[in-house]
Amino acid sequence: MIKKIGIGVAIAAAWGIAWAAKEAFAIPDYAMWLGIIAVVGVLASFNIESRLSAIEELVIRKDYSGIIAQLEGERHKPQHKQPESLAAGGAIASRIRPQHESLFEDFRWFAALMNRHIADEWAIEELPTTDVRGYEGPEIGRMYDVWYNACEVGRMQVTLGAGALLSKEKERSARVELKLNYLRFIPYRDAHSLLYEIGLLTGSYDRTNGEAFRATAASAATDALTGYLWEAVRQPDLDPWFDFMAEGSYDVLHDQVEHWRKNGIDPMTRWGGDRDGAADN
């Protein structure tokens, strides 16, 4: 308020001095008005430039040096906090269906399998909660933090897919949703490996044409990253979140989990749910 009053007083004083000069030197009215318009134009231009510079400092020149240092830092080793049961993780007991229990059990080692196959810089770390977010309210499933080296960049969750929700039979169907930040600072190959592995483990495997199935997973990852790049270039002043979703009968995950069970292997206890022992069966 004081600043506005000061500006008003300064303008009034300037106007008085200009009017006195006009009378003293017999300056024509048209010349006086041209001078006033020129001064107003200069002041307006200066004000706009100052505001644009302030916005540029806040948005375009936002300092990401701390984030980049974490992204280039030492890899975070996942410390899984797996819930003992859906109810123990916070899910409402009255809403738990047999399909939820099956999904919960089938994805017990999802994080361990992801960590064994994605780029070395990533780490998927399971959280103790089973009360996750859905489109229309709370859902039931598993939740994970996503790390890239020393930086926690996002979150992932697993819930029932549409097939399991609509079917009364024991049809397998899961939806994996991923949300990431700072993706623009992560190399393309590393980002692609994460999305590809999610699609590979979640999708419905075509046993008659495995190559086509893998190509579909790779294409979905490429399409998602291309869309993100488009938006990042279209709106360079923003740092958009990245969202990715895959859904299917998770055949590859199911087969690997069954293989471990038959051979008495628990990857959470044997390798800490991490990539250690990735060369083992």
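**Briefing on a predicted 281-residue protein model**

Of the 281 residues of the protein, 38% count as buried, where buried means under 20% relative accessible area, exposed means over 50% and partly exposed covers what lies in between, with a 1.4 Å probe and protein chains only. This is a predicted model, in which local features need pLDDT of at least 70 and side-chain atom pairs count only at pLDDT 80 or more, while totals for chains, interfaces and linings use all residues. Residues are numbered from 1 along each chain as its sequence is written, and side-chain values use heavy atoms, with hydrogens and water left out.

**Overall architecture**

- The secondary structure comprises 10 helices and 6 strands, these being DSSP runs numbered from the N terminus (H or I over at least four residues for helices, E over at least two for strands).
- Among contacts with a separation of 6 or more, 67% are between residues 24 or more positions apart, a contact being heavy atoms within 4.5 Å.
- The protein exposes about 16600 Å², of which carbon and sulfur atoms supply 59%; accessible areas come from the Shrake-Rupley method with a 1.4 Å probe, and for residues only the protein chains shown count as cover.

**Strands 4, 5 and 6**

- Strand 5 (residues 174–180) pairs in the antiparallel sense with strand 4 over 7 bridges, and strand 5 also pairs in the antiparallel sense with strand 6 (residues 242–248) over 7 bridges, where pairing requires that DSSP finds at least two bridges between two strands.
- Individual bridge partners include glycine 154 with leucine 180 in strand 5, and leucine 178 with phenylalanine 244 in strand 6.
- Strand 5 is mostly covered, with 5 of its 7 residues buried.
- Valine 153, in strand 4 (residues 151–160), is buried at a relative accessible area of 2%.
- Leaving aside residues up to four places away in sequence, valine 153 touches a set of residues that includes Leu71, Trp122, Leu180 and Trp241; the C-alpha atoms of valine 153 and tryptophan 122, which are 31 residues apart along the chain, are separated by 9.8 Å.

**Aromatic pairs and charges over rings**

- The count comes to 9 aromatic pairs, the rings of Phe, Tyr and Trp (its six-membered ring) being paired if their centres lie within 6.5 Å, with planes under 30 degrees apart counted as stacked, over 60 as edge-to-face and the rest as tilted.
- The rings of tryptophan 109 and tryptophan 260 have centres 6.0 Å apart and planes at 70 degrees, so this pair is edge-to-face.
- Because tryptophan 109 lies in the loop between helix 4 (98–106) and helix 5 (110–117) and tryptophan 260 lies in helix 9 (residues 251–262), the pair ties together parts that are 151 residues apart in sequence; tryptophan 109 is buried at 9% relative accessible area, and tryptophan 260 is buried at 0%.
- Phenylalanine 110 and tyrosine 144 are also edge-to-face, since their ring centres are 5.6 Å apart and their planes stand at 65 degrees, and the pair joins helix 5 to strand 3 (residues 137–148).
- Phe107, Phe110, Tyr144 and Tyr250 form one aromatic cluster, and the charged end of arginine 172 sits over the ring of tyrosine 250, 5.5 Å from its centre; here a charge sits over a ring if NZ of Lys or CZ of Arg is within 6 Å of the ring centre and within 35 degrees of the ring normal.
- Arginine 116 lies over the face of tryptophan 271, at 4.3 Å from the ring centre.

**Positive phi angles**

- Most residues other than glycine have a negative phi.
- Tyrosine 250, in the loop between strand 6 and helix 9, has a positive phi of about 40 degrees although it is not a glycine, and tyrosine 250 is buried at 2% relative accessibility.
- Asparagine 149, in the loop between strand 3 and strand 4, has a positive phi of about 55 degrees and is buried at 11%.

**Salt bridges**

- A search of the whole structure finds 13 salt bridges, each being a side-chain nitrogen of Lys or Arg within 4 Å of a carboxyl oxygen of Asp or Glu.
- Arginine 155 forms a salt bridge with aspartate 145, the closest N and O atoms being 2.9 Å apart, and this pair links strand 4 to strand 3; arginine 155 is partly exposed at 40%, whereas aspartate 145 is buried at 7%.
- Arginine 214 and glutamate 211 meet in a salt bridge (3.3 Å, N to O), and, being 3 residues apart in helix 8 (residues 210–234), they are separated by about one helical turn.
- Arginine 214 is partly exposed at 34%, while glutamate 211 is exposed at 54%.
- Salt bridges that share partners join Glu105, Arg108, Glu258 and Arg261 into one network.
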